[in-house]
Structure formats: structure tokens, C-alpha cells
Amino acid sequence: MTTGRTPAGTFTTRMLVVLFGIVAGIVVLCLAAVLVLSVERVYDQAEREALGIGRTLAADPAVVDAARESSGATSLDAVTLADGPVQQRAEAVRQRTGALFVVVTNDHGLRLSHPDTAELGQEVSTSPDALGGRESVSREAGTLGESVRAKVPVRDGQRVVGEVSVGVPVSAVTGQVRQAAVSIAIIAVLAMALAAGAAALLVRWLRRTTLGLEPEEMAQLVRDQEAVLYGVEDGVIGIGPDGRISIRNKAARMMLDLPRRSEAADVVGRPYRQAGFDDALTQAITGQRSGEGAEASIIRLDTSHRSIRAQVQGVHRDGVDLGQVVLLRDLTAVEDLRSRLSAMRAITDALRAQRHEFANRLHTISGLLANGENEHARTYVAQIMASGPVRDPVANISAVTDPFLRAFIGAKGVQSHERGVDLRVGPETVLEGQLVEAQDVTAILGNLIDNALTAVVEAPASAQVNGENGLWVEVDLIGEGSTLHLAVADSGAGVAPGLDIFASGVSTREEPGLDAHGHGVGLSLSRRLARTMGGDVWLADPGGAEEGQGAVFVARLPGVLSAGTDTEQGDS
């Protein structure tokens, strides 16, 4: 599948632009809010300053006296006012505080002081609000320009005799606002630079975390992963760099008997050491994580129903450790097929030997007839008719009535005879039914016979004393309804005490990794096949107590005989 990769940098560029845009928007909003608040704060400060100047001057005794004296007057002499104490005090305050104007009026709004002496004695250009007895602040435009002004009443006792109007120029306020705006702009630029750096670091971290993949590629990888993991028969388990199981497919769950995904005990998300894996698998994963094995670790796992090949492989991309992947392959079907093929090969070899013997007999008869020795030919045919078509090297094989099973045991008898071992059917054998699961039965019986043959051949010389030739293997078969009971005994050295002969790789041979019949899997496979059928295979007698008395293996195979095959047990 192709991922349809987008041009490199598209995702990171989009992320950078989006993040920078978000931060820039937040900074601009904050800048506007701070600027508005700063303007309000500066204007409030100017209003408080103007109000304070007005209150101070309104409380001056000289101002109060002058306002009281001019109270009720509708006209005043500008020349007299210009040299009066009110004008001098007002101008001194204005110059000292930097105010735009400081104007004192009487109770009719006539100016007692003004920065422009030509305006003295004239009525104020704005409404004398303070004459009503209340202070007021406002932003207005007068004869001296726009200003922030405060008006304070001048009181003589409880009577209002005038007002003081103080104005702070807007230019001064604007200068403070401009200074505040510059400071805020500098902070905003620094914040934008910091945001750009943070966005770049975040994008870099995202690229490293996603291994440089674009979102479209990651989405396609997820789809591919689902298709691959759940479309294959092999089990797959993914383990992250932190040692936790990140994924497992259905095949892995079934092979290792893991909990379902809907169950609370699901292994996904758990550390691999707490997943309940076989110790050998856990050790293989640990070895790969520690770097002990550069190559993949391959181990064999055996459960009650399966034989599994596990391969643990480390995964890296662009030098980054992504963890490990465990690949599981069920070998049970392969080993079962191998056992069946081995059984078929034995029968084929026996048939080939029989064909060769038939051909020899026909050649003998043909030669006798060609030489005119008709009487000898008649006698030879009579002997063949009396002894049977082919000599079976298995004693008491006539007790086995199933043609397939009889042919198989006969074939094994030929192989045993070639190895110097007598294969015989036990006197307790009573089997009259027909097999319905011939392949599974012959696979199990063949493994047990092969195991016994090898054990006999490789037994010490001191143990090879029983039997006509010193070496023997005996097979007993008993039918019980649809269940077949079978036992295989031998004259080998037996099984050592404490040895788990059914464990994979456990062997009675000196060569490691091989069991007695040479593959290291025969007995464990026989047990798994039997348990799959609902039966079992077990070691009834380890043997070795007496010379020439080896192990006895017993199997119970239900449902392998046709219905109505109950056998009548004879006297034992």
C-alpha cells in the first residue's frame, strides 16, 4: 500500500503558522487590553492631579477672600485682577505643576485668574458646574485647547462664592500613553519572539516523536496496520521502548491464551513482564532489550495444544529505538503433517517391499513354468497360498482387523526388522472396529513406536537380553466403543527418574535437543494431538527396574473408531 506522502515540511509549516497565529492573536488582544487600561489609568491620574490642585487652591484663604469680595459682581476690572493675589497664586501653581491653566471665578463665573490676562474679568467659556456645590472632572476643549479638567467649588463657610478650574493638557496625557504603549510594544515583541521559539521547539519535538511522518501518513499506517495484523495467521506482539505491550493481534491472543481486548486483564498497555508470557519468551525479550543479541532471538514454546516458534526482533528507525516485535508461528499443523507423512512413507516403503516380493515370486513361477517344471510350480503356488501373499514380520498382527492400521503396523515391522528389532502385537490386543481417524491415530502410534525403536537400539548392551533377538517392541490395542486404547512397551533402558519426557526438546539421548526418536518433538506432539482429540498420552511405567524392561507409554484416543465397534473382551 502507498501512503500518498505530502511534500516535506507541510505539517511542520502548518503547525508553526497555526501556533504562531494563535500566540500572536493572544498577544495582540492582551496588548489592546493593556493599552486601553493604561490610557484609562493615565487619564485617571491626570484627573486626580487636576482635582488635587483645584482642592488645594480652593482652600487657600486669599482665594476664598477674593471670591467672597467679588461675590455678586457682574463686572470686574481686568487690570486690578492682573496684579491681584489670586492671579499671582494661580500662575505660581500652574507653573509649578505644569497645568494648562488654573482659573478662579466668582459666583457669577467671572474669571479672577487666567493664564491670558486679556481673559480676566470675562465669563468662563465652559459651564461653571462647581458653582452648584459639587466637584466635577471632565475632558473638554476650552479657549486654551483640549484638556483634562477638574472644577472645585470655593466655599465661604457653607456658601459657594466661586470655583477653581484646573486643566491638565491632553498632550501631557498623550505623552504618558505613548510611553506606556512603547513599553507594552517592546514586551509584545519579546513575547512574540518567545512564542515563535516555543512553537519551533514544539514542532521539532513533534517531528521527532512522529519520526517525520505527516498526519496523512500516520493515518494510512494505522489502516495498513489493522489490515496486516488481522489479516495474517501469524501472531504479532509489539512492545514499546518503555517495555509496555503496545499491540497484539487475534492470532497472538489465541496462540498464547491471552485475555480478550474487552477484558480487564488485557495485556495491551501492561509491562511485558506482567503479561503472563512463558519464561523463555520473557527472557528472549529482555535479552533483545538489553542488546545481548544483535540478531533476532528464535525460541520454541509449547502449550497444551500448540507448538509455537517465537521470533523476537528489535525495531529501529533513523537510529531511534522503537522497541521489539514478537512474531509467533504455530508449528502444530506442520509437525502433525510431518508425522502423517512419516506414517504414509512407512506404509509406502512396506508396499514397495511387498511389490518387490510379489515380483520375485512371479519371476520364480514364470521360470519354473518356462523350464517345464509344472509340478514344482504347483507346489510353490500351494506354499504361497498357505503362507499368505506376503510374509509379515510382526507377530500376532492378525489380531488387528483394521486394514489401514494393520498395514501401518506391518510397515513399521519391516523397518523394525531392518534395525534388528522384533515388533510384535501383544496378546491382549482385541480390535475389531474400523478407524475413522486413521491419520491422527497412525501419527500418534508411529511416534510412540519410533520412540521405542530408538530407545531399544540405543539401550546399553546389558539391557538387551530379553526377546528372541534380545531387542523388542510390543504394541497392544484395545477398542472400547469409539475409543481406542493403545500401549507401546520396549526392551530399552527406560526413562530416567524426574525427566519430563513430554517437554519439548527433552530427550533420553545424549545429543541435546533430540528425543529418543530423533526429532525432539515426537512425544510432545503425540500428547498435543491426543489432547486435541479429547484424549491423552502418558508414561505408564518409566521402566529400568529390571534388565530388558523399558518404558511403557499409553494413549487413550476417543472417537477414532466407527460406531458399533464395541469389542468383546477376552480372558486376559
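What percentage of the 572 residues in the chain do buried residues make up? Buried residues, meaning those under 20% relative accessible area with a 1.4 Å probe and protein chains only as cover, make up 41%. This is a predicted model, in which local features need pLDDT of at least 70 and side-chain atom pairs count only at pLDDT 80 or more, while totals for chains, interfaces and linings use all residues. Residues are numbered from 1 along each chain as its sequence is written, and side-chain values use heavy atoms, with hydrogens and water left out.

**View 1. The largest nonpolar core has 42 residues.** A nonpolar core is a set of buried Ala, Val, Leu, Ile, Met, Phe, Trp, Tyr and Cys residues joined through side-chain atoms within 4.5 Å. Leu405, Ile409 and Leu477 are among those with the most contacts inside this core. Among the elements that each supply at least two of its residues are α11 (403–418) and β11 (472–480), whereas α12 gives the most, with 10 residues. Helices (H or I, at least four residues) and strands (E, at least two) are DSSP runs, numbered from the N terminus.

**View 2. Leucine 477 has contacts beyond its sequence neighbours.** With neighbours within four places left aside, its contacts (heavy atoms within 4.5 Å) include Val400, Glu428 and His485.

**View 3. β11 pairs with β10 and with β12.** Two strands pair if DSSP finds at least two bridges between them; β10 and β11 are parallel over 4 bridges, while β11 and β12 run antiparallel, joined by 8 bridges. Isoleucine 478 has histidine 485 in β12 as its bridge partner, and in β11, 7 of 9 residues are buried.

Definitions and conventions
Buried < 20%, exposed > 50% of the residue type's maximum accessible area, 1.4 Å probe, protein only.
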